[in-house]
Amino acid sequence: MGSSGINAEYMGSSGINAEYMGSVSLATALASESIRMAPIDVYGMPLSAPCRIVTMTAECLGVEYNFKMLDLMAGEHMKPEFLAINPMHNIPTMVDGEFVMNESRAIAAYLVNKYGKDDKLYPKDAEVRARVDQRLYFDMGVFYKAFGECVYPVMFGGATPGQDKYDKVKEILGWLDGFVKDGKFSAGNDDLTIGDLALLATYSTLVAADLPGIDLAEYKNVEAWYERCCKLVPNYEKANGEGAAAFGGFFKSKASA
């Protein structure tokens, strides 16, 4: 009986321990989920294509975010409170708890690495990831750069862009058309990636700007890719469409002035 009593006491204490451990595990899981689901802050402007790379990535991942408007034209990026967050004073800037990051494509990769349920948006396969990385760099250093050389001088009182600037955009669109041939996404794969989101941010802005002398209908593969991408991004208009349209309207108002 004594032995049975001891065993019964032990079993009872095991039950208490199991219940305690279960409650601790649940509390830990809930705390972790609460931390994970705390909205990130994204400082930027909807007009900015790079800022929209970040918001589209967050939407695709289901990550909640607070978009904090920062008007560069009003000099808000040079205010002490923002400089304390990002001394480089550029946008987008993301704050996730204590972690601060700027540069849109780095932010997009971080969000997938931290919050992605799988690696579809930023595949771990070495060759596919290399192509995604190439598309990110291509968008930043080639596509967005060439587009900017056509629009920013017009928008901010610079010299009128020469025909060579528009011809460069046409050449780049031809390359993009090759990237997305045969119904593929930009990395030659079957799933949307952050490489597509970066290119989408630029291309949608190009569509909205309606640059003279560039017939986008010539690039059939790009048109089909564009339609697919827009449908795959949750809350597309909020995350990208509205900002692209606003950019296009601003550009056209300056071009016709």
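Predicted model: local features only at pLDDT ≥ 70, side-chain atom pairs only at ≥ 80, totals over all residues.

Colleague: Is strand β1 buried or exposed, and how many of its residues are buried?

Modeller: Burial is judged residue by residue, and in strand β1, which covers residues 40-44, five of the five residues are buried, so the strand is largely enclosed by the rest of the structure. Ile40, Val42 and Gly44 point one way from β1, while Asp41 and Tyr43 point the other way, and all are buried.

Colleague: Which strands does β1 pair with, and how do they run?

Modeller: Pairing is read from bridges between strands: five of them join β1 to strand β2, residues 65-69, and these two run parallel. Within that pairing, tyrosine 65 of β2 is the bridge partner of isoleucine 40. Between β1 and β2 the chain passes through helix α2, residues 49-61, and this β-α-β crossover is right-handed.

Colleague: How many disulfides does a search of the whole structure find?

Modeller: A disulfide is a covalent bond between the sulfur atoms of two cysteines. The search of the whole structure finds zero of them. For cysteine 230, the closest cysteine sulfur is that of cysteine 229, 7.0 Å away, which is too far for a bond, since a disulfide needs the sulfur atoms within 2.5 Å.

Colleague: And is cysteine 51 buried or exposed?

Modeller: Cysteine 51 has 1% relative accessibility and therefore counts as buried, the cut-off being under 20%.

Key
Residues numbered from 1 in each chain as written. Heavy atoms only, no water. Buried < 20%, exposed > 50% of the residue type's maximum accessible area, 1.4 Å probe, protein only. Helix = DSSP H or I, 4+ residues; strand = E, 2+ residues; numbered from the N terminus. Pairing = 2+ DSSP bridges. Right-handed = clockwise from strand over helix to strand, strands pointing away.
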